[in-house]
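Work through each task before reading its solution.

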Amino acid sequence: MAGTRIEAPHAAPAAFEPALPPTLRRNAPLVPTDSAASRSLAAVIAILTFLAALCAGAAEIVASSAGQWQGAVTQEATIQVRPSPGRDLDGDIARAEGIAKAEPGVAAARVFSKAEAERLLEPWLGSGLDLTDLPVPRLITLKLADSPVPDLKHLRGALSEALPGVASLDDHALWLQRLSTMANTFVGVGVGIVALVLVATGLAVAFATRGAMAGNREVVEVLHFVGANDDFIARAFQRRFFGLGLRGGIIGAGLALAAFWLAGLLARAWRSGPAGEEIEALFGAFHIGWRGYASVLLIGVIASVVTAVVSRLTVRRFLA
């Protein structure tokens, strides 16, 4: 009909508009912030960080204990006086003790009694044996001073000249060398395990990043269409995965610190028994010190940094 005005249909009320998917809503992140895959990746990073932190803390405990052992052993030396037919053993012991005390740098000397010397053989021969007829050597322990520095070479020569074939000096150099080799080997193995765990973390992040890129391929293509460059997309993934790595690193490092704290409590509780004394003699009180705490926290930070860097490199390679 002439003069009839056709009006455009009114838009449906907002209440009846279909809801957009979460990935298409305004200000929605490019990478989902809370998904099953993200939580699983954070858990994997936490577990790997926990294992790496345990290795680093254990290596620090061994290095610290080895340093204490070496410091204690280097302050001592031992003179061994062997019984010989036709010689007065007590006289030889007194003469060796006098030579040692006259040497500059020797702070004190202590002669082990025959019963104490025989007790040292019990771990190998057992207890309750009659060692009267055995030529058990007698020991003299020397406490060395820091200043003046003792000349052990001169002392060894003086003992050989005064008591040839009877008295010998042991400065524990061979034992210290073996101890240092053992400690360095353990620390090296710990560092290698930490490196392998971080590599495993990087591989897990790389697979997770490629999966996230494949799941958001359409979104990435739209971003490219509207002018977003590869660096913008890579930064979005890097921020997201850095957050996941930081969360997992903090959880893993916190669990490792709690494990060392619990081990310290158990060591102190067992200290009264023989097993506790042996454990404390070998590993101390399971106190990792400030360097151990710093290494555990540093591993947590490194795990998050590795996560961010690997995710960025993976995205750039995927987009290339």
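**Exercise 1. How many salt bridges does the count come to?**

Solution. Start with the rule: a salt bridge is a side-chain nitrogen of Lys or Arg within 4 Å of a carboxyl oxygen of Asp or Glu. By this rule the structure has nine salt bridges. The model is predicted, so local features need pLDDT of at least 70 and side-chain atom pairs count only at pLDDT 80 or more, while totals for chains, interfaces and linings use all residues. Residues are numbered from 1 along each chain as its sequence is written, and side-chain values use heavy atoms, with hydrogens and water left out.

**Exercise 2. Describe the salt bridge between D90 and R138.**

Solution. Step one is the distance: the closest N and O atoms of D90 and R138 are 3.9 Å apart. Step two is the location: D90 belongs to helix α2 (residues 89-102) and R138 to strand β3 (residues 138-144), so that distant parts of the chain, 48 residues apart, are linked. Helices (H or I, at least four residues) and strands (E, at least two) are DSSP runs, numbered from the N terminus. Step three is accessibility, where buried means under 20% relative accessible area, exposed over 50%, and partly exposed in between (1.4 Å probe, protein chains only). D90 is exposed, because its relative accessibility is 52%; R138 is buried, at 13%.

**Exercise 3. Which parts of the chain does the pair R156 and D171 tie together?**

Solution. The side chains of R156 and D171 form a salt bridge of 3.6 Å, N to O. R156 sits in helix α5 (residues 152-162), and D171 in the loop between β4 (167-170) and α6 (173-215), so the pair ties together parts 15 residues apart in sequence. R156 is partly exposed at 30% relative accessible area, and D171 is partly exposed at 27%.

**Exercise 4. Is T307 buried or exposed?**

Solution. T307 is found in helix α10. Its relative accessibility is 0%, so T307 counts as buried. Next, list its contacts (heavy atoms within 4.5 Å). Leaving aside neighbours within four places in sequence, T307 touches I45, T201, V205, F241 and G245.

**Exercise 5. Which helix gives the most to the nonpolar patch?**

Solution. Patches are made of residues with over 30% relative accessible area and no salt bridge; like charges are joined within 9 Å, and nonpolar side chains (Val, Leu, Ile, Met, Phe, Trp, Tyr) within 5 Å. Accessible areas come from the Shrake-Rupley method with a 1.4 Å probe; for residues, only the protein chains shown count as cover. The nonpolar surface patch consists of F242, L246, I250, L298, V301, I302, V305, V309 and L313, with about 750 Å² of accessible area together. Both α8 and α10 supply at least two of its residues, and α10 gives the most, with six residues. One member, L298, lies in helix α10 and is partly exposed, at 49% relative accessible area.
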